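Reader: I am new to this structure and would like a close look at a single part of it. Please take me through that part slowly, and then show me what lies around it.

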Amino acid sequence: MDVLNALVAFANFVLVPATAYGAQLALGALGVTLIYGILRFSNFAHGDTMAFGAMVTILVTWSIPLVFAWLQFNFPTLLFPIADWVLSPFGVAGGPLPTALLALPVGILVTALLLLGTDRVIYGFYRQQRAKPVVLVIVSMGVMFMMNGLVRFVIGPDDQRFADGARFIVSAREFKAMTGLREGLAFKTSQGITIVTAVIVVAALFWFLNRTRTGKSMRAYSDNEDLALLSGINPERVVAITWIIVAALATVAGVLYGLDKSFKPFTYFQLLLPIFASAIVGGLGSPVGAIVGGFVIAFSEVTVTYAWKKVLGYLMPEALEPSGLVQLLSTDYKFAVSFVILVIVLLFRPTGIFAGKTG
Amino acid sequence: MKHLLLGSAALISLAGAAMAGSHSEDIKIGVILGYTGPIESLTPQMADGAELAMKEVTDSGKLMGGAKVTPVRADSTCVDAGAATAAAERLVTADGVKAIMGADCSGVTGAILQNVARPNGIVMISPSATSPALSTAEDDGLFFRTSPSDARQGVVMTEVLMEAGINEVAVTYTNNDYGKGLADSFQAAFEAAGGSVTISAAHEDGKADYSAEVGALASAGGDRLVVAGYVDQGGSGIVRAALDSGAFDTFHFPDGMISDKLVENFGSEIDGSSGQHPSPSDELATRFTDLVGGAFDATSPFVPESYDAAALIMLAMQAAGSSDSADFAGKIMDVANAPGEPIQSGELAKALEILADGGDIDYVGATGVELIGPGEAAGTYRVVGFENGEEVTAGRK
């Protein structure tokens, strides 16, 4: 029984939250790594792209009940029952899933338009000039500040809550009642959705990159730009598709993160750091690396600073029970942990775990 | 003859007043608060509070013969000492402010005090910096605050928790001067009263994920989790993660967490929690709310303190008959404390008149100002409880 308690405590405070956080970081890092691999620069605006996508999704989520009411009023016979059926699994109609998932495609669409617009107006210019990657990095910082302002201008700097539907698949209290254990295990709907969505999105991305003609042309463009041009690949098309995929990844990551925690523009800006750490640890330019990097960073942040007192308390005989917290590092240092991993990787494997591009 | 004499005397005095009017100053007062950063949802109302007092004084036309007071806003960012110092420096050197109402967070307040206020000899009154460290900081008699030090809040918190029969708590604090100062003063007071603190762990604001912090806090355990953070920032993130993982059901919230946002974010999930924040008596609060009259949220934290900070600056100027910091710094304690005629919020015109006639005032203001020790408010705290998703007043200390 004590072993089970220890396992549950570990799962509740380490395994489940770190997996969900890792999935969010992985999705963010995938976007960064795609841009790095194909467009050849580090996109500092990625965190704010996530914020923008999440913001559009939130605004659409809020307007869904209005559309619903309008349909009910104007088309009570045919369209309304269809809408009712479509909406029934979602929070707005009392279902368990967050309504934001329904709004997600619109969010992706608007974000894709924004990114394509930015590319046409800003990045395209520098591409034509054949500007050095470092110039593009600085340009992306400028874009970052613009998006930063845009998001705050539209939705404000405050926290926004848009999660609805069922909060928990299993709550800590239900779990305790169900199993009779002393420790509870909470599994949030948002965590479940995050993990499932991340798996689907990653699978779709890999299928696209490895199996479709467009995906192959993107990889070819990434491997050798000149050779790809010679074999007749249209660079503008590759760039446009990259931005659309990045918009989808960023919006999904932003919305999942917002559902799991909360939406606040400032936090998305701060997310940039762990996302870049994940992408670099995994190997910039390598999609597999981005996913592994995301989980390495998330798990290292949580496990190294975890106080093992509770878990050990269950496992050890009473006489040996620890009196201290049995904490390797205080939580103050959790960011140091990611940086140490980053430094070690850069020292011994400068291209990252999965040998991405170097420059 | 007598009539002529009286008449000319009246004329001269009128002319005198007119002359004074034409020579009246335009006094600039800096309002330096974190309009961006961790407490950006509190600061607009705080600035409105301070500017309300300035408008009241300007409209009365009684400050040093009709001086006009103009607020100049600058961004302290709450967290970036470098940016705050630069902003304050600009206020003093470029805008020529005579005094500073601010800053807000303890860290940037200390930085501005040492790098700008002292070298330039400018008075600053903070409405919200509560770090105990500021009580002992070198200030050349230039620094005051209308909020109490957290050394006092630590004692009040201990009393609230002990009365609720709780003597084992976990503490998490935002990793800055405010959080660290409050956590330390609370821990000292709580342990002196026989309680025990299982863990005192810092959290960074604005971070992506708080699972690690909550994991450590849950492992250490305790009857209640004390969250000495900011409601707009990591504080809410910690509470969210602690509730979701079932680590803690009830919390204790110091002043940085008490806001409408808290109830909005968590509703009935935090029922049974407690908290406290510096707040005047109901009478003073009602009076101030009526004065504001819905122009902005008068009950938001530190809004009345901001009104009082600005009012004290202007009343001290009147008492000294000068807008020069070196002249009026010494008058701030005089106008804030007894003896003298008690002055409520909205009575600044009356206070200016009494001071102009050479009388004494005892500024009560919106928060019942009573400055003690090195020029900080003694402070009354409103004890807060949470029931059925509502914030309720559970008493005063």
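Author: The model is a predicted one, and chain A averages a pLDDT of 87, with 98% of the residues scoring at least 70. Within chain A, confidence is highest in helix H4 (residues 100-128), at a mean of 94, and lowest in helix H3 (residues 79-87), at 79. As for the form of H10(A), which covers residues 235-260, the distance from its first C-alpha to its last is 37 Å, close to the 38 Å expected at 1.5 Å a residue.

Turning to the side of chain A that touches chain B, 35 residues of chain A are in contact with 28 residues of chain B. Among the elements that give two or more residues to this side are helix H11 (265-282) and helix H12 (287-304) of chain A, while H1(A) gives the most, with 6 residues. By class, this side of chain A has 15 nonpolar, 9 polar and 11 charged residues.

In chain B there is an open sheet of 7 strands with mixed pairing, in the order E7-E6-E8-E9-E10-E15-E16. Strands E7 (196-203) and E16 (390-396) of chain B stand at its edges, each with a single partner strand, so one side of each is left without a neighbour in the sheet. Neighbouring strands of this sheet are turned by 25° against each other on average, direction ignored. Helix H7 (residues 177-192) of chain B packs on the sheet, and its direction makes about 165° with that of E6(B).

Note on methods:
Residues numbered from 1 in each chain as written. Chains lettered and ligands numbered in written order. Predicted model: local features only at pLDDT ≥ 70, side-chain atom pairs only at ≥ 80, totals over all residues. pLDDT = per-residue confidence, 0-100. Helix = DSSP H or I, 4+ residues; strand = E, 2+ residues; numbered from the N terminus. Contact = placed C-beta atoms within 7 Å. Nonpolar A, V, L, I, M, F, W, Y, C, P; charged D, E, K, R; others polar. Expected span 1.5 Å × (residues − 1). Pairing = 2+ DSSP bridges. Axes fitted to C-alpha atoms, helices over the stretch in contact; angles between N-to-C directions.
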